[in-house]
Amino acid sequence: HYPFYSLEDNQLPSFHFGVILSNEDWDNMYDKINKWSADTIIKTTFFEDQNGEQNSFFIEDPDGYHIEFKTFSEKGEMFM
């Protein structure tokens, strides 16, 4: 498996592919993946009440690669 890094007391995979969705699409994707998954997928809010606030969750594909799904509270604050 791949190395991880710390962000706000969370361990996140250093190497991952990311998908940015609208808030509505992100909520729908989160619900769908949790219905299909044998494990509960944990969602996390990063930078809460700050510029760049975002909701995120990760899944791991069968080959061990990580995919991040995220949405930003304010579209204009992406990666601030």
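Of the 80 residues in the chain, 26% are buried (under 20% relative accessible area, with exposed over 50% and partly exposed in between; 1.4 Å probe, protein chains only). The model is predicted, so to speak of local features a pLDDT of at least 70 is needed and side-chain atom pairs count only at pLDDT 80 or more, while totals for chains, interfaces and linings use all residues. Residues are numbered from 1 along each chain as its sequence is written, and side-chain values use heavy atoms, leaving out hydrogens and water.

The predictor's confidence (pLDDT, from 0 to 100 for each residue) has a mean of 78 over the chain, and 75% of the residues reach 70 or more. Helix α1 has the highest confidence, a mean of 91, and strand β1 (residues 4-7) the lowest, at 58.

One helix and six strands are found in the chain (DSSP runs numbered from the N terminus: H or I of at least four residues for helices, E of at least two for strands). Their order from the N terminus is β-β-β-α-β-β-β.

Leaving aside residues up to four places away in sequence, W26 is in contact (heavy atoms within 4.5 Å) with L21, K43, N55, S56, F57, F69, K70 and T71. Across the chain, 45% of the contacts with a separation of 6 or more join residues 24 or more positions apart.
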